[in-house]
Amino acid sequence: MTTEDTQQTTVFEHIGGAGKVRELVDRFYDLMELEPEFAVIRALHPTPLDGSRDKLYWFLCGWLGGPDMYIERFGHPRLRARHLPYAIASVERDQWLRCMAWAMQDVGIDEALQERLMHSFFQTADWMRNKAG
């Protein structure tokens, strides 16, 4: 067994690296813009979505075990603090999760990995709620 065989693969590598993460993020924001069911979360984002796309891409790369591009640019993510200016309740949480689930399916993320990621996404998204409902 080689050293490479004993090293654990990161989710970033398993998902397909930077190209697949970018594809996922782009599909996520494309769906947000195209699908009326995501209108509530779309309204929380600026126009155009270029900056939002980049920030989520940079964040997810590091969060998934790849390069820490977000931290290099902005420091610690402080997700809850950065989202406090936006009213986030269960509706916003659920729209975000549905949009991400759809995007993962569309870009062909392995089903078992989708389930694992959705569990983590739910925990984070639920923690982001800052208003009743």
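A charge sits over a ring when NZ of Lys or CZ of Arg is within 6 Å of the ring centre and within 35 degrees of the ring normal. With that in mind, look at R22, which lies over the face of Y57 at 4.2 Å from the ring centre. Welcome to this structure, which is a predicted model. Below you will find its largest pocket, its aromatic pairs and its largest nonpolar core.

**Charges over rings**

- R22 and Y57 make up one such arrangement, with 4.2 Å to the ring centre.
- R73 takes part in another: its charged end sits over the ring of W58, 3.9 Å from the centre of that ring.

**The largest pocket**

- The volume of the largest pocket is about 880 Å³.
- Its lining is made of 27 residues, and those that lie nearest the centre are Y29, H45, H83, W96 and M128.
- Six helices each supply at least two residues of this lining: α3 (17-34), α5 (50-63), α6 (69-74), α7 (79-83), α8 (90-106) and α9 (111-127).
- Helix α5 has the largest share of the lining, with seven residues.
- By residue type, the lining holds 18 nonpolar, five polar and four charged residues.

**Aromatic residues**

- You can find nine aromatic pairs in the structure.
- One of them joins F59 and W63, whose ring centres are 6.5 Å apart; their planes meet at 20 degrees, so this pair is stacked, as planes under 30 degrees apart count as stacked.
- F59 and W63 both belong to helix α5, where they are four residues apart, about one turn of the helix.
- F59 counts as buried because its relative accessibility is 17%, and buried means under 20%.
- W63 has a relative accessibility of 34%, so this residue counts as partly exposed.
- One aromatic cluster takes in F28, Y29, W58, F59, W63, Y70, F74, W96 and F121.

**The nonpolar core**

- In soluble globular proteins, nonpolar side chains tend to be buried together.
- Here the largest nonpolar core has 35 residues, and V21 and L60 touch the most other members.
- Helices α2 (11-15), α3, α5, α6, α8 and α9 each supply at least two residues of this core.
- Helix α3 gives the most to the core, with seven residues.

Technical notes. Residues numbered from 1 in each chain as written. Predicted model: local features only at pLDDT ≥ 70, side-chain atom pairs only at ≥ 80, totals over all residues. Heavy atoms only, no water. 1 Å grid on protein atoms, 1.4 Å probe; cavity = no way out; pocket = protein on both sides within 12 Å on 5 of 7 lines; lining within 4 Å. Points joined across faces, edges and corners; volume = space filled by probe spheres on them. Nonpolar A, V, L, I, M, F, W, Y, C, P; charged D, E, K, R; others polar. Phe/Tyr/Trp six-rings, centres within 6.5 Å; stacked < 30°, edge-to-face > 60°. Buried < 20%, exposed > 50% of the residue type's maximum accessible area, 1.4 Å probe, protein only. Core = buried A, V, L, I, M, F, W, Y, C linked by side-chain atoms within 4.5 Å.
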